[in-house]
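Welcome, and please get your viewer ready. We will go from stop to stop, with something to select at each one.

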Amino acid sequence: MGPAALDDQTGSTTGSDRPRRRRGRGRKIIGLLVAVALAGAAAAVTVRMLDRTGEPASAAAALPPATTQIAKETLEDTLEADGELGYGPATTAVNRKPGTITWLPDSGDTITRGRSLYRVDNDPVVLMYGSTPAYRDLRDGVEGRDVENLERNLSKLGYDGFTVDDEYTYATAAAVMEWQEDRGLEQTGVVELGRVVFADGKIRVDTLDAQVGQPASPGQKVLSYTGTTKVVTVRLDAEDQRLAKEKAKVSVTLPDGRTARGRVTEVATIIVPGEGNQDPETKIEALVTLDAKDRKKAAGLDNAAVDVTFTADKRENVLTVPIASLVALREGGFGVEIVEGATTRYVAVETGLFSGGRVEIEGEGLAEGMTVGTAAS
C-alpha cells in the first residue's frame with residue numbers, strides 16, 4: 001500500500017473577472033519620454049530662435065529674458081501608476097469528464113499537490129504541478145512532457161519503482177495503480193483525461209462556476225484559481241511599455257502609506273473591451289511580486305488599491321538645466337546660451353535623460369554653477 005489518501009480542504013474569499021490576456025512581452029513601443037519632452041520644449045526653443053541669431057552678443061539688450069544656473073543632480077525617468085494588490089490573474093479549471101459534481105472547495109481554499117480540486121461522481125479530480133496541461137490519456141507506451149509531469153508528481157507524493165522521465169512504462173503504470181487504490185479509484189494503470197489538472201504550483205480557489213449536484217459535462221467551467229502569493233497587477237498604456245520590463249525593480253505604496261519593494265515578474269499584452277461604442281484598447285499588464293522581506297507589510301490585504309512607481313532610467317550626478325534653456329542651433333542640434341556678465345555665447349550640447357522638466361546635458365567647458373539663459377516664466 002502507498003501513502004494514505006489525502007483529505008480535501010476548506011476556506012473562503014472572493015474573486016473578480018479579468019480581461020483576456022495574451023502572454024508575452026508585446027511589440028516594442030516607439031516614442032520614448034525623450035521625444036515627448038523635446039516636443040514639450042519645442043515652443044520655447046522656437047521662440048528663442050526667432051529672438052536670437054546665434055552670434056555672440058555684447059549689449060545688455062541682447063541678454064536672454066531670464067537666467068538660471070547649471071546644476072549637478074540625479075535624474076530619474078519615473079512613472080507612478082495605479083495598481084491592485086491581490087493574487088493576480090485567474091485561470092479557469094474546465095471539466096473533462098461526464099457525471100455529477102459531488103464536491104467543490106470553497107472560495108479562498110488553498111489546494112496543494114495530490115489533493116482534490118473537485119469531485120465528479122465522488123471520484124477526485126486531482127491537482128498536480130506542471131507546466132504542460134493535461135490533454136490525453138496517459139498509459140503504457142506514451143511519451144512526452146506530460147508523462148514527465150505525472151511521474152515527477154507521483155515521486156513527490158512518495159510513489160517509486162519507476163524512473164522520472166518522459167516515458168510511460170509498465171513501472172509507471174504499477175505506481176499509478178497504487179496511487180489509484182489510495183484515492184479510491186479503479187486500478188487501471190491508466191490516467192484518463194480529466195483525472196488530473198496541472199498547475200504551476202499550489203493554488204488558491206478564486207471563484208466557483210458550478211454547484212454541487214449540478215450535471216457535469218466536458219468543457220464545462222467548474223472554478224477559477226490563482227497563485228497563492230500576493231502580487232500587484234498594474235495596467236499601463238502601450239507607450240509606457242519601456243517601464244514594465246521583467247525583473248525591473250519598483251516601489252509600491254500601500255494604503256497605510258508604508259512603502260514595499262517589488263520586482264516585475266511577468267509582462268503581458270491584454271485587450272480591454274471598449275464600453276458602448278468605444279473600440280477595445282491594448283494595454284500592458286505587469287505583475288509585481290513584493291520582495292520577501294516586505295511581504296508581511298501586505299498581510300491582511302486581500303484586495304487593495306496601491307500606487308506603483310516604475311523607474312526606467314536613473315542618471316546620478318549629471319549636469320542639468322531646465323528644458324526651456326535648450327536653444328535650437330542654426331547648424332542643427334541643441335545648445336545652451338552661456339551668460340558671462342554683459343555678454344553671452346552658445347555651447348553645443350548632447351542631451352541625455354529628460355525628467356521633471358529638466359534635461360541632462362554634456363558640452364565642452366560646461367560646469368556646475370554656470371549661468372545660462374532660459375525662457376521667461
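Predicted model: local features only at pLDDT ≥ 70, side-chain atom pairs only at ≥ 80, totals over all residues.

Two strands count as paired if DSSP finds at least two bridges between them.

**The whole chain**

Begin with everything selected. The protein chain contains three helices and 22 strands. Of its 377 residues, 42% are buried. Its exposed surface comes to about 19600 Å², with carbon and sulfur atoms supplying 47% of that area. Now think about contacts between residues with a separation of 6 or more: 71% of them join residues 24 or more positions apart.

**A sheet of four strands**

Next, select β4, β12, β10 and β6. In that order these four strands form an open sheet, and their pairing is antiparallel. Its edge strands are β4 (91–94) and β6 (110–111), each of which pairs on one side only. Zoom in on β4 and on β12, residues 221–226: four bridges link this antiparallel pair.

**The loop before a helix**

Move on to T132, which sits in the loop between β8 and α2. Is T132 buried or exposed? T132 counts as buried because its relative accessibility is 15%, and the cut-off for buried is under 20%. To see what T132 touches beyond its neighbours within four places in sequence, show R145, D146, N149 and F198.

**Helix α2**

Now select residues 145–156, the helix α2. This helix has 12 residues and reaches 17 Å from its first C-alpha to its last, close to the 16 Å expected at 1.5 Å a residue. Colour its buried residues: D146, V147, N149, L150, E151, N153 and L154. What covers them? Bring up β8 (123–129), α3 (170–182) and β9 (196–199), which are included in the cover.

Stay on α2 and pick R152, also found in this helix. R152 counts as partly exposed because its relative accessibility is 35%, and that class lies between under 20% for buried and over 50% for exposed.

**Last stop**

Finally, select G158, which follows α2. Check the backbone here: the phi of G158 is positive, near 105°.

Methods: Residues numbered from 1 in each chain as written. Heavy atoms only, no water. Helix = DSSP H or I, 4+ residues; strand = E, 2+ residues; numbered from the N terminus. Buried < 20%, exposed > 50% of the residue type's maximum accessible area, 1.4 Å probe, protein only. Expected span 1.5 Å × (residues − 1). Contact = heavy atoms within 4.5 Å. Areas by Shrake-Rupley, 256 points an atom, 1.4 Å probe, with all protein chains shown as cover.
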